[in-house]
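This briefing covers a predicted model. The points below are grouped by topic and are meant to be read beside the coordinates.

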Amino acid sequence: MTQVQPIEFLDTRNLKRSSNRSTGKDKVSTNKLEKRLLRETGKAIADYQMIEEGDRVMVCMSGGKDSYGMLDLLLKLRDRAPIRFDVIAVNLDQKQPGFPENVLPDYLRSLDVPFHIEEQDTYSIVKRLIPEGKTTCSLCSRLRRGVLYRVASELGATKIALGHHRDDILGTFFLNLFFAARLKAMPPKLVSDDGRHTVIRPLAYVKESDLQTYADIREFPIIPCNLCGSQENLKRKEISQMLRQWERQSPQRVWNTFKALAHVVPSHLMDANLFDFKSLKPDGNTFEDGDTAFDEPEIELPDSVLTAFSEDD
Ligand code: SF4
């Protein structure tokens, strides 16, 4: 298998402007946004070796902004990457009342993308098994996962791509931290529960607000996510509000928390399963950072500088 090389995954020199609606200044910022999204997606794919030569990537489409953005970016990367991989879009029609069943097929046909619509009435099963007023998402997601794994096998997909982004990863991290007493987030790449599939999250480095802006610009035909009538989990809602507030007040804090997920120091935490504290003894070697409890923080930059640097190129 050919390994994906970080700097080769995307050749930004050939990027075209995506929106034919915008003009002048708008075009420049649209172009910048698209470049940033492609760069972040390409980097996440390369950092975690999500896609390899010959892969058939099943892109899970819910009809939300994230899945449309993921498909759009993966198709652009497919055309520019130095490795060959295929993309097949899959939507699970869960038979929720009012689901507009032609929207996704029409859109995917217009892109000339291979796709498959799987019809499975998980909605009725969930409604039958979960008492009125109780949250339905956990069973619903479990059923959906099972169907998607089966479909991936039937379609010969070697990777299953989900549209979770940076803020989903951070949200899950804080949910686990605050409510489950665990340092655990949402991995960019994992093996499926049935042990047979590789699940990838190519948008792992992408901010939700960028995906929202991109969806608005590209006018994706969004399918509303409240058709099932389920209320958003209150704890998750609380965390989302906290992150949105941080993002407004101190975006550096959000990025630092996110970066910390990839810079773990087991010897300075307390999990004896990760670090062998019991047999720890002096061996005469010196360690400059051995007893440094708090690393020097990076200089806190004002928002204006942060914005200027995040809009690079
Ligand atoms: S919001 Fe509705 S469709 Fe989505 S996981 Fe929850 S129950 Fe399922």
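Alanine 181 sits in the loop between H6 and E5. Its phi is positive, about 55 degrees, although the residue is not a glycine. Most residues other than glycine have a negative phi, and most peptide bonds are trans. This is a predicted model, so the angles given here are computed from predicted coordinates.

**Positive phi angles**

- Alanine 181 counts as exposed because 8 other C-beta atoms lie within 10 Å, and the cut-off for exposed is 12 or fewer.
- Glutamine 49 also is not a glycine and has a positive phi, of about 45 degrees.
- The loop that holds glutamine 49 is the one between H1 and E1.
- Glutamine 49 is partly exposed because it has 14 C-beta neighbours inside 10 Å.
- Glutamate 219, which follows H7, has a positive phi near 55 degrees.

**Overall make-up**

- The protein chain contains 10 helices and 6 strands.
- Of the 313 residues in the protein chain, 26% are buried.
- Among contacts in the protein chain with a separation of 6 or more, 77% are between residues 24 or more positions apart.

**The sheet**

- The 6 strands form an open sheet in the order E3-E2-E1-E4-E6-E5, and the pairing is mixed.
- At the edges are strand E3 (115–119) and strand E5 (189–191), each of which pairs on one side only.
- From one strand to the next, the twist averages 25 degrees.
- Strands of a sheet pair through backbone hydrogen bonds, either parallel or antiparallel.
- E1 and E2 run parallel and are joined by 5 bridges.
- Within that pairing, arginine 56 has aspartate 86 in E2 as its bridge partner.
- E1 is mostly covered, with 4 of its 5 residues buried.
- Strand E4 (residues 159–161) and strand E6 (residues 198–200) are also parallel, with 3 bridges between them.
- Opposite alanine 161 stands isoleucine 200 in E6.
- Helix H2 lies across strand E1 (56–60), strand E2 (86–93) and E4.
- The angle at which H2 runs to E1 is about 155 degrees.

- Is aspartate 55 buried or exposed? Aspartate 55 is buried, because it has 22 C-beta neighbours inside 10 Å and the cut-off is 20 or more.
- Leaving aside neighbours within four places in sequence, aspartate 55 is in contact with Phe85, Thr158 and Lys159.
- Aspartate 86 is 31 residues from aspartate 55 in sequence, and their C-alpha atoms are 6.3 Å apart.

**Helix H7**

- The buried residues in helix H7 (residues 208–218) are Glu208, Leu211 and Tyr214.
- Viewed down the axis of H7, these buried residues fall within an arc of 120 degrees, so they line one face of the helix.
- An α-helix has 3.6 residues a turn, so residues three or four places apart point the same way.
- The cover over the buried residues of H7 includes helix H1 (24–47), helix H2 (65–80) and helix H6 (166–179).

**Leucine 170 in H6**

- Leucine 170 is located in helix H6, one of the helices that cover the buried residues of H7.
- Leucine 170 counts as buried because 25 C-beta neighbours lie inside 10 Å.
- What does leucine 170 contact, leaving aside its neighbours within four places in sequence? The contacts are Leu243, Val254, Thr257 and Phe258.
- Valine 254 is 84 residues from leucine 170 in sequence, with a C-alpha to C-alpha distance of 8.4 Å.

**Ligand surroundings**

- Around the ligand are Thr136, Cys137, Cys140, Ser141, Cys228 and Ser230.
- By class, this shell has 3 nonpolar and 3 polar residues, and no charged residues.

Key. Residues are numbered from 1 along each chain as its sequence is written. This is a predicted model: local features need pLDDT of at least 70, side-chain atom pairs count only at pLDDT 80 or more; totals for chains, interfaces and linings use all residues. A residue is near a molecule or strand if its C-beta atom, placed from the backbone, lies within 6 Å of it. Ala, Val, Leu, Ile, Met, Phe, Trp, Tyr, Cys and Pro count as nonpolar, Asp, Glu, Lys and Arg as charged, and the others, Gly among them, as polar. Helices (H or I, at least four residues) and strands (E, at least two) are DSSP runs, numbered from the N terminus. The arc is that of the directions from the helix axis to the C-beta atoms. Two residues are in contact if their C-beta atoms, placed from the backbone, lie within 7 Å. Two strands pair if DSSP finds at least two bridges between them. Axes are lines fitted to C-alpha atoms, for helices over the stretch in contact, and angles run from 0 to 180 degrees between N-to-C directions.
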